[in-house]
Amino acid sequence: MRKLLALLSTTLFLLFATAVIYLITLPKSAAPSTETIEVNPERLARGDYLFNAVLGCPVCHSERDYSKFGGPPVAPFGGGRVCAETGKPLPGLAESGGLPGTICFRNITPHETGISDWSDGEVLRAVREGIGKDDQALFPIMPYFIYRNLSDEDARSAVAYVRSLEPIDHSLPDTAINFPVNWVIRLVPEPLNSPVPHPDMSNPIAYGKYLSTVARCSFCHSPRDSRSRQAIEGLELAGGVEFQGRNGLMYSTNLTTHDEGLGEMSEAEFIALFRRTTDPSATDINLMPWTYYGNMSDADLGAIFAYLQSVPAVRYSP
């Protein structure tokens, strides 16, 4: 009996010690930079473009009008919204079960109910490293694990633009994640330990890969392992990812050159898909946020097309 009690005591002590170490050392984070981002017309223009065309920040941080094509965000942008509550499905992912708590998309405008008291370094860290002002891990519905690929200059431009948004008085409840997920998400953030260079914009394939990465094309169009949620090797951009739309199940499109994907589609036809956002007769509603990708330039959409043409043609049957 004494041996059993000793073993039990040792086990409990080790569990307690592990929990303490876990809480002390995670999430992995670095102190936010102390920089104040210089605001200039070039950065504001680039930030506007990234915010409203490539990164699609208003899609999550604004209310959306699902009665219109693509469910466009409702202006003014950036005021945040409650995403969903405990037990409700994660928006879009049919197999996700239910949300582990109340998830809120933050007011990111420079209002006291938003991020007016955040430093530029704290905003940069949240966007690319997943750590909030309170040094806690952000729930990874915020794709900081993707935005960490933003170049340093693009990240600064995006933050400069966010600072220029119209302040919106909109208080939201704090995001509250249930146990044990609130512990699990502490494993996700990783600090950026080296500079992230800007891509070569004169190389369409390299720049197209950069744009498709930060625009999250692969995240939605690459099949993932049901347990690890990691992309399945060899099936990048093969589509077939199941989503729960407002009118039933939908599947993301194969973006490779396979016959069941882009096939023989031309660059002009590819770009035309995104220009439907200006067509008043367009009525189809789906989860693809055409209304902000449609703001991308022909040159950038062409670069994404060039990159997609370089991806091996594969087929995925879910």
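Trainee: Which residues of H6 are buried?

Mentor: In this predicted model, helix H6 covers residues 152-163, and its 12 residues reach 17 Å from the first C-alpha to the last, close to the 16 Å expected at 1.5 Å a residue. The helix is mostly covered, with nine of its 12 residues buried. Those buried residues are Asp-152, Asp-154, Ala-155, Ser-157, Ala-158, Val-159, Ala-160, Tyr-161 and Val-162.

Trainee: Where is the partner of Asp-120 in its salt bridge, and how many residues apart are the two?

Mentor: Asp-120 and Arg-163 meet through their side chains in a salt bridge, with 2.9 Å from N to O. Asp-120 counts as buried because its relative accessibility is 12%, under the 20% cut-off, whereas Arg-163, at 26%, counts as partly exposed. The pair links distant parts of the chain, for Asp-120 belongs to helix H4 and Arg-163 to helix H6, and they are 43 residues apart.

Trainee: Why does the salt bridge of Glu-190 with Lys-28 tie together parts that are apart in sequence, and how many residues apart are they?

Mentor: The closest N and O atoms of Glu-190 and Lys-28 are 3.5 Å apart in this salt bridge. Glu-190 lies in the loop between helix H7 (181-184) and H8, while Lys-28 lies in the loop between H1 and H2, so the pair ties together parts whose separation in sequence is 162 residues.

Trainee: Which residue forms a salt bridge with Arg-315?

Mentor: Arg-315, in the segment after H12, is linked to a residue 55 residues apart from it, in the loop between strand S6 (248-251) and H10. Arg-315 is partly exposed, with a relative accessible area of 46%. The closest N and O atoms of the salt bridge are 2.8 Å apart, and the partner is Glu-260.

Trainee: Why do the buried residues of H10 line one face of the helix, and within what arc do they fall?

Mentor: The buried residues of helix H10 (residues 267-274) are Phe-270, Ile-271 and Phe-274. Seen down the axis of H10, these residues line one face of the helix because their directions fall within an arc of 95°.

Trainee: Which helices do the buried residues of H10 pack against?

Mentor: The residues in question are Phe-270, Ile-271 and Phe-274. Their packing partners are helix H11 (290-293) and helix H12 (298-310).

Trainee: Which residue is the bridge partner of Gly-101 in S4?

Mentor: Strand S3 (residues 101-105) is largely enclosed by the rest of the structure, because four of its five residues are buried. S3 pairs with strand S4 (residues 176-177) in the antiparallel sense, over two bridges. In S4, Gly-101 has as its bridge partner Ile-177.

Trainee: Which residue's backbone nitrogen does the side chain of Asn-40 reach?

Mentor: Asn-40 lies in the loop between helix H1 (2-25) and H2, and it counts as buried because its relative accessibility is 19%. At 2.7 Å, its side chain reaches the backbone nitrogen of Arg-43.

How values were computed: Residues are numbered from 1 along each chain as its sequence is written. This is a predicted model: local features need pLDDT of at least 70, side-chain atom pairs count only at pLDDT 80 or more; totals for chains, interfaces and linings use all residues. Side-chain values use heavy atoms; hydrogens and water are left out. The expected span of a helix is 1.5 Å times one less than its number of residues. Buried means under 20% relative accessible area, exposed over 50%, partly exposed in between (1.4 Å probe, protein chains only). A polar contact is a pair of N or O atoms within 3.5 Å; within protein, one must be able to donate a hydrogen and the other to accept it, and residues adjacent in sequence count only if both atoms are side-chain atoms. The arc is that of the directions from the helix axis to the C-beta atoms. Contact means heavy atoms within 4.5 Å. A salt bridge is a side-chain nitrogen of Lys or Arg within 4 Å of a carboxyl oxygen of Asp or Glu. Two strands pair if DSSP finds at least two bridges between them.
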